[in-house]
Amino acid sequence: MVAKIASVGFEIPDAEEISITKNKSLDDYDIIFFDPSRINDELDFTKTLEFQNGKVTLDESNSNKAYAYFEHWEKEVELALEAGKTFIVWACQNNEIKYAKKLNPSSHGWNLIDKTVYSIFKADTLKTSALEGDTVIPKQSNIHNLLIPLSRDISYSIVFENVPELKFLHSVLETKSGRSVGLYGVYGKKEGKVLIIPKPTLKKDFEGRNFTPSSKEKLKTLIKLASDLHNSNEANIEIPPEWVSDNAYKTQSENDLNEKLSNIDAKIKNLQENRLDIEKKVEEEFVLKQLLFGKGKPLETAVNVALNLLGIKSKQYRFYKKDLEIDHLADMGNCVLIGECEGKDNKDIDKTKLSQLLTNKGEYYDEPKVDPAKPIKLVLFGNPMRLKVPNDRTLDFTKACKDIAKNNQVSLVKTVDLFKIAAYIKDTGDKDFAKSCVDSIFNTEHGVVSFPKIPKRK
């Protein structure tokens with residue numbers, strides 16, 4: 001039977017996302033990812049109540065929130081652990097949360113309560129410190145092998161200080177010098193499991209819709225770890241005594257193997273660094289694809305990147321005093337290019353952005369250090385029907401948009417066409433072709449720009 005996964009306060013693909021503010025049952029799930037720091041995010045610590053004994057708590061509104069969160073999640077987590085469920089918890093600072101609860105609605109008396117975010121996992125006394133590092137080492141234990149893939153893929157920003165004092169959590173991930181950055185424990189007769197690990201850094205693409213390739217790999221590692229841990233029969237952790245690791249009890253073959261592992265780890269780290277560098281370049285390459293499906297800021301960025309490939313040093317421009325912005329501005333020496341861009345999901349490009357373009361032209365002449373004698377070339381970049389395959393698109397610019405463009409000598413550029421020529425220039429460095437494309441933009445007095453035919457690649 002496939003384990004059902006939920007995630008409280010954190011996005012995990014193929015897992016039901018649960019808000020920390022909702023009174024949601026965990027009965028339906030087997031594995032739960034949990035971000036306790038989200039409790040802090042929901043509370044306003046600047047609003048407080050001060051009592052006669054000098055104690056300060058959250059104000060009544062925030063106290064009611066805190067009470068509701070702890071009342072619900074402490075109970076749900078305990079029931080889930082008693083039922084044998086598995087929790088993957090993100091490490092965070094274990095700060096105190098002081099709140100107040102009225103003894104009853106008509107009473108003036110208050111019950112003052114101290115909690116920490118780890119109270120939910122019966123580790124309210126856990127002490128944490130902020131400390132950043134990149135090397136995470138699994139400590140010898142019966143889940144050591146499960147943690148090895150994870151340890152290669154994460155860094156840490158929190159260390160745990162007083163692990164020996166905890167009731168059921170033990171250190172399983174450490175820094176090179178032995179500081180604890182990951183905890184594991186088993187609770188209840190059905191051996192529910194809690195693994196507290198550094199929170200992974202996950203990035204999304206320019207649209208903010210999908211995780212980047214490197215982030216997807218991290219998530220696969222995490223989900224596999226959670227599944228393997230949940231299905232593992234070796235729940236009770238057994239930590240060897242510290243003296244077992246002394247050199248006096250190591251055989252020569254163990255030392256040789258450890259040296260080989262160190263060499264392999266060094267190679268893995270080097271490969272990971274190279275992979276991250278290549279992934280970053282892949283993400284940079286993806287920018288141009290926004291010309292095919294993008295809108296808003298991602299599309300603006302992609303148009304400026306493409307224009308720069310053509311030799312037009314275009315950038316975004318903020319007006320000196322007015323609350324206005326030009327998407328694309330380039331000083332060409334003998335003239336200035338001013339452009340705006342827009343993407344439409346399933347429609348053609350209307351006159352809205354064209355009106356803004358004309359307004360920006362007039363306002364730009366009033367800017368400091370602008371030569372009013374220098375002519376301005378206006379260009380509207382449009383990505384119509386952006387969600388359709390480019391070859392299936394039937395619309396470009398509305399008739400009204402084309403008519404206004406004709407009367408104001410505005411060139412219209414389809415960003416799909418711009419992608420094709422920019423991609424070719426990026427791959428070939430063909431400067432002569434780039435110049436002919438620039439000439440096409442500036443020589444088109446109005447209407448849709450027709451770029452030269454892309455040469456056959458050698």
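Student: Where in the chain is proline 384 placed?

Tutor: Proline 384 belongs to the loop between S18 and helix H9 (399-407). Keep in mind as we go that this is a predicted model.

Student: Is proline 384 buried or exposed?

Tutor: Proline 384 has a relative accessible area of 5%. Buried means under 20%, so proline 384 counts as buried.

Student: Let's turn to rings. How do I read an aromatic pair?

Tutor: A pair of aromatic rings is described by the distance of the centres and the angle of the planes. In this model the count comes to 12 aromatic pairs. Take phenylalanine 34 and phenylalanine 121: their ring centres are 5.3 Å apart and their planes stand at 85 degrees, so we call the pair edge-to-face.

Student: Which parts of the chain does the pair of phenylalanine 34 and phenylalanine 121 tie together?

Tutor: Phenylalanine 34 sits in strand S3 (residues 31-34), while phenylalanine 121 is in the loop between strand S8 (110-116) and strand S9 (128-133), so the pair links parts that are 87 residues apart in sequence. As for accessibility, phenylalanine 34 is buried at 0%, and phenylalanine 121 is buried at 1%.

Student: Which residues form one aromatic cluster with Phe34?

Tutor: Phe34, Trp73, Phe87 and Phe121 form one cluster.

Student: Which side chain does a polar contact of 2.6 Å join to that of tyrosine 317?

Tutor: That would be the side chain of glutamate 367. Glutamate 367 lies in the loop between helix H8 (352-364) and strand S18 (376-383). With a relative accessible area of 5%, glutamate 367 is buried.

Student: What about lysine 139: where is it found?

Tutor: Look in the loop between strand S10 (137-138) and helix H3 (144-151). Lysine 139 has a relative accessible area of 18% and counts as buried; the cut-off is under 20%. Its side chain makes a polar contact of 3.5 Å with the side chain of glutamate 174.

Student: Over which ring does the charged end of lysine 101 sit?

Tutor: Over the ring of tyrosine 67, and 4.4 Å from the ring centre.

Student: Now the backbone. Which value of phi does aspartate 14 have?

Tutor: Phi of aspartate 14 is near 65 degrees, which is positive in a residue other than glycine. You'll find aspartate 14 in the loop between strand S1 (5-8) and strand S2 (16-18). Aspartate 14 is exposed, at 84% relative accessible area. Lysine 122 also isn't a glycine, and it has a positive phi of about 55 degrees. Lysine 122 is in the loop between S8 and S9, and at 35% relative accessibility it is partly exposed.

Student: Last topic: how do I think about pockets?

Tutor: Rolling a probe the size of a water molecule over the atoms shows where empty space is left. Here, the second largest pocket has a volume of about 200 Å³.

Student: How many residues line the second largest pocket, and which lie nearest its centre?

Tutor: There are 11 lining residues, and Asp205, Thr212, Pro213, Glu283 and Phe286 lie nearest the centre. Helix H4 (213-231) and helix H5 (252-286) each supply at least two residues of that lining. H5 gives the largest share, three residues.

Student: What is the lining of the second largest pocket like by class?

Tutor: It has five nonpolar, two polar and four charged residues.

Note on methods. Residues numbered from 1 in each chain as written. Predicted model: local features only at pLDDT ≥ 70, side-chain atom pairs only at ≥ 80, totals over all residues. Heavy atoms only, no water. 1 Å grid on protein atoms, 1.4 Å probe; cavity = no way out; pocket = protein on both sides within 12 Å on 5 of 7 lines; lining within 4 Å. Points joined across faces, edges and corners; volume = space filled by probe spheres on them. Helix = DSSP H or I, 4+ residues; strand = E, 2+ residues; numbered from the N terminus. Nonpolar A, V, L, I, M, F, W, Y, C, P; charged D, E, K, R; others polar. Phe/Tyr/Trp six-rings, centres within 6.5 Å; stacked < 30°, edge-to-face > 60°. Buried < 20%, exposed > 50% of the residue type's maximum accessible area, 1.4 Å probe, protein only. Lys NZ or Arg CZ within 6 Å of the ring centre and 35° of its normal. Polar contact = N/O pair within 3.5 Å; in protein donor to acceptor, adjacent residues only side chain to side chain.
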